[in-house]
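Here are some comments for a colleague who has the coordinates open and would like a guided reading. They are set out as numbered points, and each can be checked against the display.

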Amino acid sequence: MARYAMVTDLRKCVACQACTVACSAEWEVPAGHGRTHVRTTPLAGAFPNLMSSPHVGQCNQCDRPPCVEPCPSGATYQDAGGIVRVDGDLCIGCGFCVDACPYEARYINPRTKKVDKCDFCRPRIERGEEPACVATCTAGAKYFGDLEDRDSEVSRLVFREGARRMETRTVAVGPNVFYLGRAEHLDLVLSSFPPRPPRLLTAGEAWTKLLRPLVLVMVGATFAGQAVAFFTQLRKGEGDFEE
Amino acid sequence: MKEEITRRRFLGTAATLGAGAAAVPAAASPPVHPPGWTGTARVEKIATTCEMCFWRCGILASVSGGKVVRVEGNPDHPQSQGRLCARGNAGTGLLYDPDRLKTPLLRTGERGEGRFKPVGWDEALDFLAGRLVKLREEHGPESLAFFPHGNGARFFATLMRAYGTPNSAEPSFAQCRGPREVGYSLTFGQGLGSPEPVDLEEARLVVLIGSHLGENVFTSQITAFATGLARGAKLIAVDPRFSTAASKADWWLPIRPGTDIALLLAWMNVLIVEGLHDKEYINTYAAGFDRLADHVREFTPEWAEAITEIPAGKIRETARAMGKAKPAVAVHPGRHVTWYGDDTQRARAMAILTALLGSWGRKGGLFLPTPIARGSFDLPDFPESKRGRADGAGTRFPLAVEELGVTNGLIDATLSGDPYPIKAWIVYGQNMLESIPQPARTVEAIGKLDLMVVVDVLPVDQIRYADLVLPEATYLERYDPPTIVESAKRPFIAVRSPACEPLFESKPGWWIAKELAKRLKLEAFFPWETPEQHLGTILAPTGFGVRELVSRGAVAFPGKPYLEDRPPGERSFDTASGKIELYSEALAKIGADPLPRYTPPVEPPRGFLRLIYGRAPVHSFARTQNNEALSALMPENEVWLHVSVARDWGVTGGQRIVLENAEGVKSSPVRVKVTEGIRTDCAYLVHGFGQRSRALRRAFGRGASDNSLMSRVSVDPLTGGTGMRVNFVRAAKA
C-alpha cells in the first residue's frame, strides 16, 4: 500500500508561482482560484535584520483528514494511497469540507459548482509522471513519492533530512506535505500560516447550510409528488369522462 | 514523458506555404490525453521554444483538434530540462487572448487617436512597400529606423539591411545589458551573451549585485541557483531592498543606491591587501595587476563604509568569504545594468573582481562558450550605407555594439535631424513606451515621422501612434530562426515550430518580411521558400537534420565550459594584450578611466525618494500583464515604502497614491506596500504596469508605470546606455 507524500524545500523555493500556474493549466482551475497557493511570510525583525520565507500550500492529503466526516454526500473520501479525493458526481457543493480544511486547500469551482482541490495529480502519477507542480518547479524544490518505499527520495527527505509537517498542538491531522528549511524559517511559516482548527458545524449553520436546503427539497418533493398525483388523477378522470 | 513528439504540424505548415492545403499523413503514435482535458481526440505534443520571455525554454505544446490545450516544459531540452516558469505555463493565455491584434490596421484618424480600419494583407503590404520605396527615393534608405526585440525580429533585420539602413537598435542593449557586455569584453575579450554563463550550481559562493534572482525568473538560472544553495553555497545579496534572494542570503548588504563601485573597489582592496586573490591565475592570465593594486590601495572598507553605508566589518567579512571560496565564486554580472550612467565602469569592476577570484572559466564562476558551426545563406552583398549609423554607435558612443545599436541614439536623431533626418520607424515585438525611458520624448519623436509601423501580437501602447499595424502570429503559431546558444555548458540549437495555425489574420514574422521583400524586389535576400528550407540551411554543418531537431525541439553538443577543458594554447583572451586586462589600455586610449573609479550618484532633492524598479516572477517586462492567469496572480504593482517613510508621508498599506517625479510627471494611482524591507531613501516598483493602451483590457491603467516616471536618464558616455535610477518620486498632493 502506498502512502504518497510531497516535500517542498523552502530553501530552494523562490515563490515564482510556476507550480500555481502549471497546476491551474493542468486542471483548468478558473483564474482567481488555485489548488496551489504560494505565499511569502510577513517580514520578521527590523531593518536590516530581517527574515522571511516563501511557502507553498496545497492539500496535505492528511492521515486523518478532517474534511471527510463533514461531507454530507460522501463525495470526499480517502483512497488506498492516502490521497483525499472528491467524487464530483456526489459533491453537492455545500462547502462544509472547505470550512473543515485546516490548510485552506479547497475551493468551490464557480464553473462546476463542485469542490476542487489538489489530488497530487493522481491521473499523472498513474501514468508514471510527476505531479505538474513537481515537474515544472523552476527551483527543483518539490519532491513527490511514496513514504512506504523507504528508498524513495521523499522517504530520505522525511526520515533522514527531517522534513517537517506543518502541524500545531491543536491541529495535528497527519499532513503528508512536508517542508525542508532552516528551523527559524519553518517556525516563521508555521506562525504566519498556522493550520486553522477545523470548524465544527454549529446548530445555526447546520440549519442554514444543510437542513434548510434539505427540508426545502423534501417539501418541494412532497408538493411535486402531490401535484403529479393530482394531474395523473385528473387526466385519468378526463379520460374516463371521454370514454 | 515519453510520448512521441510528432513533427507533422511543422512540416504541414511548411508544405502549405508552397502548395496550398497540405495532405498531412496521420501520425502513428498512440493517443495521449492530457489531464484536465477529457475529450477523445488525439493529442499531439509539439516540441518548440517558449517566448513568454527571452530565455527561450524548451516546451511541449499539447494540441488537440487544432487547439493548444496545454504548454509544459520539454524534458529533452538541454537547458530547461522540463521545467517551466509561471509565464511559460500561461502561454495559451497569450495565444487565446481576446485582445490580440487580429488584422492589419491602417490609421484613419489623427496620430494618437487610435482610430484604424482593418485592411487585408495585400493592401497593408502594398501600402508599406509603396511608402518605403518613396522614402528611399526622397530621404535615402538610412531614414528608416528599426526597433527590434527577440529572435523573431531577425527576418526583419535582414530586410532592413537589404533595404539599406544600418539604423537598427534594440532596448536589450542601451536599456539593459549593453554596458555589461562592453565591460566584460574590455576585460576578458568577450562579452557574456544571453543566457549569461554563470555557474550557479557549482558555486561555493554567489554574489548578487542588484540581481534579484527569484523575482527575476529565468528557469534554468533559478534551477542552478537553487541547486547551488541546496548544495551549501553561501550567498551575498547586495540590494537596497530585501529581495527574495536577500531572504535566502547569508549576508544581505542593503547598500546606498548608486554606490556599488565603492563596494567593489573595497572588496578588491581587501582581497589584494590580504593576499586573498588567486595569485597563480592572475600571474598566468592577467595583465595590469600592479596598477590595479596601486589604484585600490586607498579604497579601504572604512572609505567605502562612509559611501555605501555598509559597515566596514561586513565588507571585510564578505571579501574574506570570497577569498576562501575562490575560484568557485559566481559574481553574477547582472542583466539589466543601465542604472547610473557609469555602468560600463561598474561592469568592469565586477569583471575585475571575477578575475581576482580566478573565477572566469572556472567551475563555480563564469563558464566559457563553446562555438557551434552553423550554415549561412548565399546572399547578395548588402548595400553599404554612405551616411553611416545615426544612433552614435561607434562614434558618439565609442564602445556601443553596432549589431545591437542605441535606441535612444535613434530617438535623439529623429528629434534633432542630426546627423540626418529619420523619417520612418518600424517597431517589432516590444512596448517601446514602457521599454525605453523618457516616453514623452519617444512620443515627440514619433510626431516627426512620416511613417510609423508596429509589428506585434498585442495592441501595445505605441499602437495608437502607428500609421500601420501588422498583427504577428504568437510564438505558438510560428516558425522563428533557431535559437543557437553557445554560452551553455552543453551548447545547443533549439527550434520554434508552430503548434497550431495562426489565429485570425495574423501571420508569422518570416512571412511578413518575405512578402515585403518581394514587393521591394529584395527576394534575393530570402533564398528559401519554406521554414524547413531555412532551418535546413542553418543546420547543414551540424550533423543534425531538420526532422530530428523538429521532433526533439533541441539538440545539444559537447561543451568545453572551463579553461581546464582546453589545451593551454586555447586559453587566450581576445584583448589587445591577449590577457585579462585588469588595467584597460583600450579605455585609456579613448580617454576613459582605465581602472574603475567611484563617482557619486545624483542625490534626491529634499522630500523625494530614489525610484528603483525590478521584476516580478509572474510577469515579463510589459508583455504579460494582459494574460488572464498571470494577471489573476498579480494584476497590479505596489510601491514599496519603508515603514518610517510611510509614516512621514502619512500613508498606510493598501492605500492608493499618485507618485510624482521631480519634473512633476504623475503616475496612475498605485497601492502602497509598507515594509521594513527597503531602505528609507528609495521607493520600489515592479516594472511593466500602468499601461496606457485601452485595447489591453486587463492591463490598462493597472498600477503605476515606472517608465513613465523616468523623465531623466544619465547616459553612459561609452555605450549610450541610459542610466535609469536617477529619477526621484514623492506622493503627489491629492
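1. A residue is called buried here if 20 or more other C-beta atoms lie within 10 Å of its own. Pro596(B) has 27 C-beta neighbours inside 10 Å and therefore counts as buried, although its place in the chain is a loop, the one between helix H21 (585–589) and strand E19 (609–614) of chain B. Leaving aside neighbours within four places in sequence, Pro596(B) is in contact with Ile261(B), Leu265(B), Gln345(B), Arg348(B) and Ala349(B). Leu470(B), by contrast, is 126 residues away from Pro596(B) in sequence and 46 Å away in space, taken from C-alpha to C-alpha.

2. Please keep in mind that this is a predicted model. The predictor gives the complex an ipTM of 0.93 and a pTM of 0.92, and for chain B the mean pLDDT is 94, with 94% of the residues reaching 70 or more. Where pLDDT is low, the predicted coordinates should not be read in detail.

3. Chain B contains an open sheet of four strands in the order E9-E8-E7-E11, with parallel pairing. Which strands stand at the edges? They are E9 (251–253) and E11 (329–331) of chain B, each of which has a single partner strand, so that one side of each is left without a neighbour in the sheet. From one strand to the next, the twist averages 10 degrees.

4. The pairing can be followed across the sheet from strand E7 (residues 205–209) of chain B, which joins E11(B) in the parallel sense over three bridges. Leu205(B) has Val329(B) as its bridge partner in E11(B), and Leu205(B) also stands opposite Lys234(B) in E8(B).

5. Strand E8 (residues 234–238) of chain B deserves a separate look, as it is mostly covered, with five of its five residues buried. Lys234(B), Ile236(B) and Val238(B) point one way from E8(B), whereas Leu235(B) and Ala237(B) point the other way, and all are buried. Together with E7(B) and H7(B), E8(B) makes a right-handed β-α-β unit.

6. How many residues does the contact between the chains take from each? It takes 36 residues from chain B and 36 residues from chain A. On the side of chain B that touches chain A, the elements giving two or more residues are strand E3 (67–73), helix H2 (86–89), helix H7 (219–230), helix H8 (244–247) and helix H22 (628–633) of chain B. H7(B) gives the most to this side, with seven residues, and the residues of this side of chain B divide into 19 nonpolar, twelve polar and five charged.

7. In chain A, helix H1 (residues 18–27) has ten of its ten residues buried, so it is largely enclosed by the rest of the structure. The buried residues of H1(A) include Cys19(A), Cys23(A), Glu26(A) and Trp27(A). Glu28(A) follows H1(A) and has a positive phi, near 50 degrees.

Definitions and conventions:
Residues numbered from 1 in each chain as written. Chains lettered and ligands numbered in written order. Predicted model: local features only at pLDDT ≥ 70, side-chain atom pairs only at ≥ 80, totals over all residues. Pairing = 2+ DSSP bridges. Axes fitted to C-alpha atoms, helices over the stretch in contact; angles between N-to-C directions. pLDDT = per-residue confidence, 0-100. Buried ≥ 20, exposed ≤ 12 C-beta atoms within 10 Å, placed from the backbone. Contact = placed C-beta atoms within 7 Å. Nonpolar A, V, L, I, M, F, W, Y, C, P; charged D, E, K, R; others polar. Right-handed = clockwise from strand over helix to strand, strands pointing away.
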